[in-house]
Amino acid sequence: MGEYLIKNGFVFDPVQGINGDKSDVALKDGKIVETTALSSGATVIDASGMTVMAGGVDIHSHVAGAKVDVGRLLRPEDKLFKSPKKTGKVSRVEMGYSVPTTFKTGYDYTRMGYSFVMEAAMPPLEAPHTHEEMRDTPIIDMAAMPVYGNNWFMLEYLKNGEIENNAAYSAWLMTATKGFAIKVVNPGGTEAWGWGLNCTTIHDPVPYFDITPAEIIKGLIETNEYLRLPHSIHLHPNNLGNPGNYETTLETLRLAEGYSPKSDFGREQVLHNTHLQFHSYGGDSWGNFESKAKEVMDYVNQQKNLTIDLGCVTLDETTTMTADGPFEHHLNGLNHLKWANTDVELETAAGVVPYVYGKNVKVCDIQWAIGLEIALFAKDMMRTFLTTDHPNAGPFFRYPRIIKWLMSKQSRDELLHSFKWADRVIAATNLESIDREMTFNEIAQMTRAGPAKALGIAHMYGSLKPGMNGNVAVYNINPEHMPADPDEIEKAFLRAAYVFKDGVMVSRDGEILATPPKLALWVNAKVPENAQVRRDIYEKFRKYYSVNLENYPVRDELAPNQRVIELDITA
Amino acid sequence: MKTVTLTMKNKPELILECNNVTPDAFAGKSLADIGRLEVYEGKFRAPLADYFEIAGEAGETAADTRIVMKGDCKRVKRIGQKMTAGEIEIEGDADMYIGGWMEGGRIHVKGNVDAFCGMAMKGGELLVDGDAGNYLGAAYRGDWRGMQGGLIRVKGNTGNDTATFINGGTIIVEGNAFIHVSTHGEGGTVVIKGDVEGRVGGQMVKGDVYVFGNIQYMLPGFKYMEDVEKEIDGTKATFAHYIGDLGERHPTSRGQTVYANLYVKA
């Protein structure tokens with residue numbers, strides 16, 4: 001493994017408080033080191049006039065597993081005329097657009113300078129295959145969050161107020177699935193979907209289990225803090241995508257009041273609200289649909305124990321996929337395209353529907369504005385992360401375009417005024433009146449330092465501090481001479497000039513140069529022996545599951561390069 | 001209009017993908033440059049000139065360029081794909097995807113073609129003197145955006161799945177069609193002059209289908225309204241008018257529910 005000295009770049013590392021200073025970054029043995037630690041044989045990379053950041057960290061993206069595969073199967077046309085020919089020497093054929101192949105996913109993230117991606121929803125029963133696919137996604141390190149919010153064990157334990165039992169089950173599930181965090185999707189609502197119902201407020205009782213989403217969310221926060229997990233609960237709240245849902249969102253976020261984080265991994269939040277754009281809608285119909293980004297962000301800004309990610313609409317043709325089964329059925333009723341639905345036994349469900357966010361559709365344009373407003377209203381960018389909920393609101397390779405819109409009022413105004421219904425979109429949103437333009441430091445917070453901290457992996461990712469994993473992105477853009485054409489911002493972030501992963505140069509100007517081994521991160525939490533939970537697991541598998549308990553866990557060969565985060569709460 | 005003639009000299013062992021054989025790709029090029037255009041035989045790339053004798057002269061623009069294909073093109077696919085103007089004449093048979101995604105101009109095939117011809121066509125004209133295979137004028141697999149404009153005329157028969165997801169344009173089959181005509185249709189016109197085995201207009205929301213012969217198995221989702229007199233493609237006739245597919249959602253226009261129309265010659 002070579003040594004590299006990345007010289008004279010404008011370095012942005014919010015963790016160290018380096019804000020565009022001209023300095024050098026050194027790489028050796030796969031890690032970031034002090035420049036003095038290099039030998040004289042180090043390869044020098046001239047980064048003068050360029051921007052240097054740590055490798056990007058994506059907190060929420062659907063890139064591997066069962067529902068991504070359903071998306072690929074459902075949409076052969078997603079590959080039509082959108083699959084570049086094989087170009088590089090080491091890279092393989094790349095295919096697809098909104099649901100790209102594993103190879104294209106790994107390469108495109110790498111080209112944008114990302115080094116860690118969190119798979120946003122892993123149905124526990126599908127964990128072996130999810131890991132198999134993560135293994136086949138080159139270069140980028142990954143982890144996956146098992147979906148909990150409608151799990152029968154959890155519903156029963158929380159109904160009875162048994163936090164310790166729920167924690168013991170959760171720890172077992174995390175280990176069995178090699179999972180990373182507690183993902184909650186439409187708590188209770190997806191289970192209700194099994195009865196053809198939904199929970200659109202946090203007070204709707206779940207059929208049969210007779211527990212409300214509010215009780216589930218509070219119970220899971222308590223479970224998460226009992227287990228002292230690196231990440232907080234990761235919540236997709238109830239009532240996604242409906243006009244007027246911002247009230248549900250605010251009510252949901254208020255559930256976190258009074259809880260404080262208990263974790264040794266540095267996070268400060270107890271609840272992460274993902275793709276907030278989809279949850280910040282006003283009005284009571286698509287006719288008077290409007291932005292409530294300000295109302296939602298006014299609350300988020302005050303609450304230090306919350307983090308959020310954007311879920312920006314990028315105005316592309318894409319594929320929506322979520323464990324929120326009832327929502328996908330509802331969406332199919334709106335656009336009449338294709339619909340796939342999956343039931344995952346005792347655990348969750350999923351739906352997939354293609355969606356075209358049309359540039360001249362008023363509702364889509366308002367959604368686009370809301371995503372940007374959430375970022376622009378945010379006061380603390382260390383708690384606000386850039387996502388598109390890939391591929392739900394747009395494909396992940398549009399992050400550079402979102403960065404352009406956030407950094408350049410000119411670029412977003414040009415688009416806003418080009419809409420067919422521009423006047424109505426402006427009237428229903430705040431975007432036109434916002435002058436704020438993001439700085440490079442804020443972008444580094446939103447795409448690296450912030451998500452790494454919120455995930456509890458800031459000891460490995462998100463900074464250029466010596467000792468961190470050797471993940472560095474060098475972008476061909478000069479913060480002291482910003483290009484007159486905002487499109488240059490997008491170009492620079494789409495194809496980094498140099499990308500290093502664990503100290504290896506993996507990409508240069510978009511060409512993949514190497515595909516070194518990549519890691520799967522997961523959390524192994526040791527909890528006190530719990531005979532009841534063990535028996536419950538045994539009984540449920542015997543009675544209800546279609547697989548044997550012995551065949552359920554992820555076998556080691558499916559995750560050949562594991563980085564296990566060990567926790568011991570018995571101590 | 002200037003003409004380039006391609007004569008097959010080395011028949012490919014595998015299927016030859018000729019999406020570069022269009023007036024758009026040829027226009028303004030010398031014969032040598034045309035010969036260097038890339039084609040695929042299976043996974044192998046090769047220049048067009050490896051397979052064809054190339055003669056004549058290309059026009060300055062696509063509209064001013066005519067391509068004549070001679071020899072055995074039975075295993076040549078994708079001729080005229082995405083073409084916007086000009087003319088192509090294929091003197092014998094051709095393989096799949098002829099005139100796929102075509103936007104303008106004219107293709108005349110004197111023999112038969114295989115499946116997926118005129119796929120997702122937006123404009124122009126595709127004329128086949130012989131038979132066409134399955135998926136004539138259909139949408140690409142999985143896509144909901146089928147034929148949107150233009151004219152396809154097949155003098156012989158066609159196979160299954162004609163005009164799937166048709167949205168606009170006209171398809172005329174002078175012979176028979178087998179099963180699945182205008183499935184998921186949401187516009188456009190399909191005329192079958194011969195017989196159809198069945199499944200005409202399944203899940204069809206909007207658009208018209210005319211059948212001059214018999215439909216052996218009628219779908220239950222269509223309801224008879226009345227007999228009407230119509231002139232179709234130069235022939236006047238009385239048709240039984242059905243609306244459907246009643247099992248499907250239907251849009252409204254000016255307060256009226258819009259149905260797909262199926263006309264079967266009475």
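Let's start with one pair: the side chains of B:Lys193 and B:Asp233 meet in a salt bridge, 2.6 Å from N to O. A salt bridge here is a side-chain nitrogen of Lys or Arg within 4 Å of a carboxyl oxygen of Asp or Glu. B:Lys193 sits in the loop between strand S14 (186-192) and strand S15 (196-200) of chain B, and B:Asp233 in the loop between strand S18 (223-232) and strand S19 (235-244), so the pair ties together parts that are 40 residues apart in sequence. Helices (H or I, at least four residues) and strands (E, at least two) are DSSP runs, numbered from the N terminus.

Both residues are partly exposed: B:Lys193 has a relative accessible area of 23%, and B:Asp233 comes to 33%. The cut-offs are these: buried is under 20% relative accessible area, exposed is over 50%, and partly exposed is in between, with a 1.4 Å probe and protein chains only.

Some ground rules. This is a predicted model, in which local features need pLDDT of at least 70, side-chain atom pairs count only at pLDDT 80 or more, and totals for chains, interfaces and linings use all residues. Residues are numbered from 1 along each chain as its sequence is written, chains are lettered from A and ligands numbered from 1 in the order in which they are written, and side-chain values use heavy atoms, with hydrogens and water left out.

Back to salt bridges. How many does the structure hold over all chains? The count is 54. One of them joins A:Lys67 and A:Glu119, at 3.4 Å from N to O. A:Lys67 is in helix H1 (residues 66-74) and A:Glu119 in strand S7 (residues 114-122), both of chain A. That links distant parts of the chain, 52 residues apart. Both A:Lys67 and A:Glu119 are buried.

Now chain B again. B:Arg153 forms a salt bridge with B:Glu174, and the closest N and O atoms are 2.8 Å apart. B:Arg153 lies in strand S11 (residues 151-154) and B:Glu174 in the loop between strand S12 (170-173) and strand S13 (177-181), so this pair ties together parts 21 residues apart in sequence. B:Glu174 is partly exposed, at 30%.

Next, where the chains meet. Chain A and chain B bury about 1100 Å² between them, 65% of it on carbon and sulfur atoms. Buried area is the accessible area (1.4 Å probe) that two parts lose on being put together, summed over both. The contact takes 12 residues from chain A and 12 residues from chain B. Contact means heavy atoms within 4.5 Å.

Across this interface there is 1 salt bridge. A:Glu317 and B:Arg145 meet in a salt bridge at 2.8 Å, N to O.

Now two residues inside chain A. A:Asn530 is in the loop between strand S23 (520-526) and helix H17 (531-543). Buried or exposed? A:Asn530 is buried, at 18%. A polar atom of its side chain lies 3.0 Å from the backbone nitrogen of A:Val533. Leaving out residues up to four places away in sequence, A:Asn530 touches A:Glu164, A:Asn165 and A:Ala168.

A:Met134 is in helix H3 (residues 127-135). A:Met134 is buried too, at 2%. Its contacts beyond four places in sequence include A:Glu119 and A:Lys518.

Last, the backbone. Most residues other than glycine have a negative phi, and most peptide bonds are trans. A cis peptide bond joins A:His390 and A:Pro391, with omega about -5°. Another cis bond joins B:Gly244 and B:Asp245, with omega about -20°. A:Leu315 is not a glycine, yet has a positive phi of about 60°. A:Leu315 is buried, at 16%. B:Phe116 has a positive phi as well, near 65°. B:Phe116 lies in the loop between strand S9 (106-109) and strand S10 (125-128) of chain B, and counts as buried at 12%.

Notes:
Polar contact = N/O pair within 3.5 Å; in protein donor to acceptor, adjacent residues only side chain to side chain.
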